[in-house]
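Subject: Structure for your review

Dear colleague,

Please find below the structure I am handing over to you. My findings follow it.

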Number of protein chains: 2
Amino acid sequence: MKLMQTLQISRPIIQAGMVWVSGGKLAAAAANAGCLGVIGAGSMKPELLREHILKAQSLTSKSLAVNVPLLYEKSEEQVQTALDLGLKIFITSAGSPKKFTSMLKSAGCTVLHVVSTPELALKCEDAGVDAVIAEGFEAGGHNGRDELTTMALIPQVVDAVKIPVVAAGGIGDGRAIAAALSLGAECVQMGTRFIATHEASAHDNFKQVLVQAQATDTMLMMKRSVPVRLFKNKFYEQIKAAEESCADKTQLEAILGRGRAKLGMLEGNMDEGEIEIGQIAGLVRDIVSVKELVDRLMVEYHQTIKELPKF
Amino acid sequence: MKLMQTLQISRPIIQAGMVWVSGGKLAAAAANAGCLGVIGAGSMKPELLREHILKAQSLTSKSLAVNVPLLYEKSEEQVQTALDLGLKIFITSAGSPKKFTSMLKSAGCTVLHVVSTPELALKCEDAGVDAVIAEGFEAGGHNGRDELTTMALIPQVVDAVKIPVVAAGGIGDGRAIAAALSLGAECVQMGTRFIATHEASAHDNFKQVLVQAQATDTMLMMKRSVPVRLFKNKFYEQIKAAEESCADKTQLEAILGRGRAKLGMLEGNMDEGEIEIGQIAGLVRDIVSVKELVDRLMVEYHQTIKELPKF
């Protein structure tokens, strides 16, 4: 597993960057548990990102990364902030892999880019990216337009490129890690499952909603704007009603307004806030420490592969 | 693998029933290759179904089944026809598992029902169904409304019920069989991959289009009527344009008209016909015999599980 060596991790798991959920505390806990700990820069101004990186570095000496969605105007400052503080692993998403890859590679960094199609994976390889994170339709939060699922996407990306592939979307337990590795991924990225940990900065109301959620409690919405998988709350019902009456991008963005994600996921308003979770919601049944979660995932993984039948 | 014993198969593979594709010839070939061979009754009048069952029975002495979508008015006659000819394995879909299960169980048959949520799987178990086929969003053809993908759906169905689970949707090669079994399925159902076999009754034009298709060449459409995953051809573009202008169910069904599926998949009109394939389209690269395909799937499966790493 070449990618695990590159990332200097002992578990084949990347803890996903998630707005308002994955600050320095979660990233450090994931790193200490042998995973790649990722600070989600998406919602952070550069000074806040700086605080979270310093906090994470004070809590661990292990591998840390930052996830920078390229659609935010501050992405260049975010990248510079992380570079200045010595981070060596960057995950970029929601934009062109050409934007920062050459510069980061020249600075001796490792670059992973999030993709939702084999075509984009090929562009990443051409741009010099070290590995792609192929994320399926079932993932929480922002999502691709082609709606490829993890089961269909991973083997097609693996066949398209020579660089390592990380599977993301729909991975909630050790069974799914075995499934993703069967499909040809070297590692997995898990988001939703890490929300229900003590170290995640998600509001307690959010963690409780996740623990009680069912498989059918999410839907991919906002396809006429930026597609995002949402938990079905009152805010979701407003978006759904607008979409059913054929609202356009401007109308949808007016309903979305500003600060909905923070209101929901950090401040705990479960009715009016935007709550981003994936389809594995129904598998999440307890709030545990990151270490306990990761230990359990590895036990489940090894149990799963041991029991695979021969015919 | 209890379900394989019940179905009397040596490979953990069910060849999916597919309108205009899975007649007696394909079902018999699948059965002779050790899989469950399934005649898709969906598009068949009872007399045509009778011909296909008799043909399959003349070509194999192995396990055969019929897939009966319950939304068609002829479903009761189809079930009776199959019973009269001695079939013992029934797959029902697109309707209530209560409709035929008691009667079929009293007649000594095995019943599998297709589900797209854990909730429906529980209803199947309560209705006395022997196993559920849990089919994800990535599957070709008709699809559930909750959009759960195979990766997210299978473990949540496995946890919800005690009866065996078959995984369907997004399974194109032996890697995906290993993935599905990792998720807790006992068998897989494969549709799209079997279209590109000599024995499938799909038109040659259709088989050629499949062999050249890419991962991103399908989309789930007709959500305001009966959701169906389509290949992106001229007919799809018409549906897409109508949906973008917010067409309702009546308008969509007017564009669909009658006989589109036959026109495309059996008669080979790749522009005006309805072409149903799944997201694994980009993995299908050759047209082979069913025996060659199944042998290859099992080699890929065993290779995959042998290479799964320990950490």
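**Helix packing, domains and the chain contact**

In chain B, helix α2 (residues 24-32) packs on helix α3 (residues 46-59) at an angle of about 30°, and their axes are 8 Å apart. Please note that this is a predicted model. The crossing of α2(B) and α3(B) is right-handed. On the side of α2(B), Gly24(B), Lys25(B), Ala27(B) and Ala28(B) make the contact, while α3(B) contributes His52(B), Ile53(B), Lys55(B), Ala56(B) and Leu59(B). By class, the residues of this contact of α2(B) with α3(B) are five nonpolar, two polar and two charged.

The crossing of α6(B) with α7(B) is right-handed. Pro118(B), Ala121(B) and Leu122(B) of α6(B) meet Gln156(B), Val157(B) and Ala160(B) of α7(B). Five of the residues in the contact of α6(B) with α7(B) are nonpolar and one is polar, with no charged residue.

Turning to the contact between the chains, chain B and chain A supply 46 residues each. Within chain B, α7, α8 (174-182), β10 (218-221) and α14 (290-307) each provide at least two residues of the side that touches chain A. That side of chain B comprises 25 nonpolar, 14 polar and seven charged residues.

How are the two chains related?

For chain A, the domain assignment gives domain 1 (2-201 + 285-307) and domain 2 (204-280). The centres of these domains of chain A, taken over C-alpha atoms, are separated by 23 Å. In chain A, 25 residues of domain 1 are in contact with 19 residues of domain 2. Both β7 (141-142) and α9 (192-195) of chain A supply at least two residues of the side of domain 1 that touches domain 2. The most is given by α9(A), with three residues. This side of domain 1 of chain A has nine nonpolar, 11 polar and five charged residues.

Yours sincerely

Conventions:
Residues are numbered from 1 along each chain as its sequence is written. Chains are lettered from A and ligands numbered from 1 in the order in which they are written. This is a predicted model: local features need pLDDT of at least 70, side-chain atom pairs count only at pLDDT 80 or more; totals for chains, interfaces and linings use all residues. A crossing is left-handed if the near helix is turned anticlockwise from the far one by less than a right angle, and right-handed if clockwise. Helices (H or I, at least four residues) and strands (E, at least two) are DSSP runs, numbered from the N terminus. Two residues are in contact if their C-beta atoms, placed from the backbone, lie within 7 Å. Ala, Val, Leu, Ile, Met, Phe, Trp, Tyr, Cys and Pro count as nonpolar, Asp, Glu, Lys and Arg as charged, and the others, Gly among them, as polar. Axes are lines fitted to C-alpha atoms, for helices over the stretch in contact, and angles run from 0 to 180 degrees between N-to-C directions. Domain bounds come from an automatic or database domain assignment.
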